Amino acid sequence: YLPREAPLTAPVVMAPPAETCPAGTETVLVVEDDPSVRHIARRILEGAGYAVLAAGSGAEALLVCEQHPTGIQLVLTDVVMPQMSGRVFIERLVTIRPDIRTLFMSGYTDDAIVHHGVLEAGTAFIGKPFTKGELLRKVRGVLDGVPALAR
């Protein structure tokens with residue numbers, strides 16, 4: 001004798017749109033002394049279609065570049081590494097590969113690195129930790145020469 005109650009329906013929750021991350025087919029050399037960061041960067045880049053070479057130091061990276069005289073389009077390198085900093089490594093590399101593009105990464109902020117003279121203002125930089133989307137957008141921006149994405 002009581003009126004029927006309409007069944008309760010849960011509110012429809014829409015999943016957020018999947019983040020679209022840029023992909024590529026270029027070859028990227030990852031230079032990072034921390035094996036876990038090197039591994040994560042490699043997995044992210046390979047998952048987006050990039051061919052990835054990896055090195056744990058600047059000296060090892062120079063050997064990798066000698067073994068691959070052509071075909072490396074971008075170097076993703078840590079700024080602070082033992083024995084040879086990322087900046088010194090790149091200074092040596094550009095003498096033999098002047099056209100190679102570079103993206104520096106560091107746990108320090110880009111302001112701190114520029115302020116202490118480690119990198120020049122306007123250098124392509126990504127802070128650690130980074131997300132998959134941030135890394136892929138920065139890499140694509142540097143490869144495509146898009147200044148707003150490279151910074």
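Helices (H or I, at least four residues) and strands (E, at least two) are DSSP runs, numbered from the N terminus. Strand β4, for example, covers residues 101–106 and contains Thr102. The model is a predicted one, in which local features need pLDDT of at least 70 and side-chain atom pairs count only at pLDDT 80 or more, while totals for chains, interfaces and linings use all residues. Residues are numbered from 1 along each chain as its sequence is written, and side-chain values use heavy atoms, with hydrogens and water left out.

The chain as a whole may be considered first. It holds 6 helices and 5 strands, and from the N terminus on these elements follow the order β-α-β-α-β-α-β-α-β-α-α. Of the 151 residues in the chain, 41% are buried; the term buried stands for under 20% relative accessible area, exposed for over 50%, and partly exposed for values in between, with a 1.4 Å probe and protein chains only. A contact requires heavy atoms within 4.5 Å. Among the contacts in the chain with a separation of 6 or more, 65% are between residues 24 or more positions apart.

Val30 belongs to strand β1, which spans residues 27–31. Because its relative accessible area is 0%, Val30 is buried. Beyond the residues up to four places away in sequence, Val30 touches Arg38, Ala41, Leu45, Val52, Leu53, Ala54, Ala55, Leu76 and Met105. Val30 and Val75 are 45 residues apart in sequence, yet their C-alpha atoms are 6.0 Å apart in space. Thr102, in strand β4, has a relative accessibility of 15% and therefore counts as buried. When its neighbours within four places in sequence are left aside, Thr102 is in contact with Leu74, Val75, Thr77, Ile90, Ala124 and Val142.

The helices can be described in pairs, by means of their axes. Axes are lines fitted to C-alpha atoms, for helices over the stretch in contact, and angles run from 0 to 180 degrees between N-to-C directions. Helix α1 (residues 35–47) and helix α5 (residues 132–144) have axes that come within 10 Å and cross at roughly 70°. That angle makes α1 roughly perpendicular to α5, since angles of 65 to 115 degrees count as roughly perpendicular, under 35 as roughly parallel, over 145 as roughly antiparallel and the rest as oblique. The contact of α1 with α5 comprises 6 nonpolar, no polar and 1 charged residues. Here Ala, Val, Leu, Ile, Met, Phe, Trp, Tyr, Cys and Pro count as nonpolar, Asp, Glu, Lys and Arg as charged, and the others, Gly among them, as polar.

A second pair consists of helix α2 (residues 58–67) and helix α3 (residues 86–96), whose axes come within 10 Å and cross at roughly 20°. The two helices α2 and α3 are therefore roughly parallel to each other, and α2 passes α3 in a right-handed crossing. On the α2 side the contact is made by Gly58, Ala61, Leu62 and Cys65, and on the α3 side by Phe89, Arg92 and Leu93. By class, this contact of α2 with α3 has 5 nonpolar, 1 polar and 1 charged residues.

Cysteines deserve a separate remark. Cys65 has a relative accessibility of 3% and so counts as buried, whereas Cys21, at 25%, counts as partly exposed. A disulfide is a pair of cysteine sulfur atoms within 2.5 Å, and by this rule the count comes to 0 disulfides.

Some local details of the backbone remain. Most residues other than glycine have a negative phi, and most peptide bonds are trans. Gln83 is located in the loop between β3 (74–78) and α3, and its relative accessibility of 80% is why Gln83 counts as exposed. The peptide bond that joins Lys128 and Pro129 is cis, with omega about 0°. Pro129 lies in the loop between β5 (125–127) and α5. Gly127 is found in strand β5 and, at 30% relative accessibility, counts as partly exposed. Gly127 and Gly107 are 20 residues apart in sequence and 5.7 Å apart in space, C-alpha to C-alpha.

Definitions and conventions. A crossing is left-handed if the near helix is turned anticlockwise from the far one by less than a right angle, and right-handed if clockwise.
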